[in-house]
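Student: I have a model open and would like to go through it. Can we take it question by question?

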Amino acid sequence: LNKRQSDFSRSGKPIRGLYCLTSEEHSRGRSNIEVVKAIINAGVKIIQYREKEKKMLEKYNECVQIRELTKRAGVTFIVDDDVDLAMLVKADGIHLGQDDLPVEKVRELVGSEMIIGLSTHSPEQAQDAVRRGADYIGVGPIYRTYTKKDVCEPVGLEYLDYVVKSINIPFVAIGGIKESNMDEVISRGAKCVAMVTEIVGAENIEQKILNIRHKLGESV
Ligand code: TZP
Ligand code: MG
């Protein structure tokens with residue numbers, strides 16, 4: 001076991017396995033709540049609420065429901081972008097991008113218990129995230145993806161290799177990851193993989209997740 005690289009965030013919650021994100025526009029007409037219920041039923045332990053286009057009130061109402069569902073199931077609930085929303089609904093974590101508020105300033109607001117994740121795209125950003133006190137980093141986009149509107153070019157597997165070797169906080173590989181290509185990422189050392197369209201766009205979400213969890217070596 002690589003002792004430097006823990007799967008646990010400082011809050012004690014593991015950042016490991018399949019990490020699912022919402023995206024209602026890719027959900028085949030199903031609501032976020034419906035999709036989240038299926039994701040929880042299939043045994044996923046981390047869910048991020050990510051909706052770039054919705055009004056704050058709609059986001060709040062959805063997050064209140066998702067908080068209730070995830071709490072009951074012991075699922076870690078992370079909110080993208082909105083620190084106020086994450087705090088109001090008592091989410092377990094907040095996920096920030098490079099253009100969002102600085103991690104150390106958000107820490108002043110949310111305290112030591114809340115998980116802070118930060119998206120990174122280079123070794124410099126990864127080191128910076130550790131210095132600033134992020135609990136985990138996002139690493140991606142690994143492959144080309146059209147899910148994210150302002151997405152940058154794929155970072156390449158070399159950046160993933162760098163993180164596996166040199167960064168000692170948990171990380172989440174993201175971007176274009178599917179059941180069909182996840183082996184490449186796992187075999188390079190990723191313990192946590194994030195997927196958007198592969199899950200929310202699946203015809204049968206629960207079956208898709210069971211296939212993926214099986215590939216991750218989880219007993220399903
Ligand atoms: N951050 C980097 S890539 C991405 C995010 C939110 C979108 C990934 O979506 P998909 O559908 O899993 O490629
Ligand atoms: Mg953001």
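Student: What covers the buried residues of helix 9?

Tutor: This is a predicted model, where local features need pLDDT of at least 70, side-chain atom pairs count only at pLDDT 80 or more, and totals for chains, interfaces and linings use all residues. Residues are numbered from 1 along each chain as its sequence is written, and chains are lettered from A and ligands numbered from 1 in the order in which they are written. Helices (H or I, at least four residues) and strands (E, at least two) are DSSP runs, numbered from the N terminus. The cover includes strand 1 (17-21), helix 1 (32-41), helix 7 (182-187) and helix 8 (197-200).

Student: Which residues of helix 9 are buried?

Tutor: Buried means 20 or more other C-beta atoms within 10 Å of the residue's own; exposed means 12 or fewer, partly exposed lies in between, and C-beta atoms are placed from the backbone. Helix 9 spans residues 205-215, and its buried residues are Ile205, Lys208, Ile209 and Ile212.

Student: Is Ile167 buried or exposed?

Tutor: Ile167 sits in the loop between helix 6 (157-166) and strand 7 (171-174). Contact means C-beta atoms, placed from the backbone, within 7 Å. Leaving aside neighbours within four places in sequence, Ile167 contacts Ala126, Val130 and Ile137. With 20 other C-beta atoms within 10 Å, Ile167 is buried.

Student: How many residues surround ligand 1?

Tutor: A residue counts as near if its C-beta atom, placed from the backbone, lies within 6 Å. The closest are Thr145, Thr147, Gly175, Val196 and Thr197. The total around ligand 1 is 15 residues.

Student: What radius of gyration does the protein chain have?

Tutor: The radius is taken over C-alpha atoms, and the globule rule is 2.2 Å times the number of residues to the power 0.38. For 220 residues, a compact globule would be near 17 Å; the protein chain agrees, at 16 Å.

Key:
Two residues are in contact if their C-beta atoms, placed from the backbone, lie within 7 Å.
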